[in-house]
Amino acid sequence: MFNFGIGPIATYGSSYVVNVLKLNEGMAASMGAIYFIGYLVGTIPMGYLPKLITRRGTLILGALIAVTSALVILLVPNYTLLMIMIGVMGFGFSASQVTIYPVLSDILPNEQTFGSMIGIMIFSLALSTTLAVPFWGKMIDIFKNYQLVWVAVLVSGLLVALIASFLTMGEPKSEGPAK
């Protein structure tokens, strides 16, 4: 689901910088690097958070961080703020990766099923990006509005938070008292 929002950023983010912020393409080039630096930095705290607020809570928090950063970008079109919020967005989106694999390993019955599910998950990630880029590109063409790039993040992040709020499986089982 996150990739439905991230795909358009990678594809149309530079067009947003050029057409909305009226800056050159060279200034847009660092967006991807800043996003992935935020993502990389986010993996450590997001990996620790499930112990404090549950895996579901971590996933919801990550989605809401990404949604908030996209909302700030939408409401305050500014290059410096854009770069900061892109890093914050990457930080938030890292929650999806650090929570999904442990959840799957806890709820699936064996390694073969786990391996198959990982393959299906990677396929669905690629498919969602493949579908998102032309979909949001068409929306940008129809509405002549590059800010729809950030609406894509809002939509996908809110859907992830909503879906995660209904998760009931995948939390670690308590060990119980030591014997």
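**Figure 1. Helices α7 and α8 in the predicted model are oblique to each other.** The view shows helix α7 (residues 111-143) and helix α8 (residues 148-165) of a predicted model. Their axes come within 10 Å and cross at roughly 135°. An angle over 145 degrees would count as roughly antiparallel, so the pair α7 and α8 is classed as oblique. The crossing in which α7 passes α8 is right-handed.

**Figure 2. Lysine 144 sits in the loop between α7 and α8.** Lysine 144 is not a glycine, yet its phi is positive, at about 50°. Most residues other than glycine have a negative phi. The relative accessible area of lysine 144 is 69%; the cut-off for exposed is over 50%, and lysine 144 is therefore exposed.

**Figure 3. Lysine 22 lies in the loop between α1 and α2.** Phi is positive here too: lysine 22, a residue other than glycine, has a value near 60°. With a relative accessibility of 65%, lysine 22 counts as exposed. Helix α1 (residues 2-19) has the lowest confidence in the protein chain, with a mean pLDDT of 78.

**Figure 4. Helices α5 and α6 are roughly antiparallel to each other.** The view shows α5 and helix α6 (residues 79-107), whose axes come within 8 Å. The axes cross at roughly 160°; angles over 145 degrees count as roughly antiparallel, which is why α5 and α6 are described in that way. The crossing of α5 past α6 is left-handed. Residues in the contact of α5 with α6 comprise 18 nonpolar, 6 polar and 2 charged. Confidence in the protein chain is highest in helix α5 (residues 55-75), at a mean of 94. For the protein chain the mean pLDDT is 87, and 93% of its residues reach 70 or more.

Figure 5. A polar atom of the serine 94 side chain lies 2.6 Å from the backbone oxygen of phenylalanine 91.

**Figure 6. Serine 30 is in the loop between α2 (25-28) and α3 (31-48).** At 27% relative accessibility, serine 30 counts as partly exposed. The view also includes methionine 83, which is 53 residues away from serine 30 in sequence. From C-alpha to C-alpha, serine 30 and methionine 83 are 8.3 Å apart in space.

Notes. Residues are numbered from 1 along each chain as its sequence is written. This is a predicted model: local features need pLDDT of at least 70, side-chain atom pairs count only at pLDDT 80 or more; totals for chains, interfaces and linings use all residues. Side-chain values use heavy atoms; hydrogens and water are left out. pLDDT is the predictor's confidence in each residue, from 0 to 100. Helices (H or I, at least four residues) and strands (E, at least two) are DSSP runs, numbered from the N terminus. Axes are lines fitted to C-alpha atoms, for helices over the stretch in contact, and angles run from 0 to 180 degrees between N-to-C directions. Angles under 35 degrees count as roughly parallel, over 145 as roughly antiparallel, 65 to 115 as roughly perpendicular and the rest as oblique. A crossing is left-handed if the near helix is turned anticlockwise from the far one by less than a right angle, and right-handed if clockwise. Ala, Val, Leu, Ile, Met, Phe, Trp, Tyr, Cys and Pro count as nonpolar, Asp, Glu, Lys and Arg as charged, and the others, Gly among them, as polar. A polar contact is a pair of N or O atoms within 3.5 Å; within protein, one must be able to donate a hydrogen and the other to accept it, and residues adjacent in sequence count only if both atoms are side-chain atoms. Buried means under 20% relative accessible area, exposed over 50%, partly exposed in between (1.4 Å probe, protein chains only).
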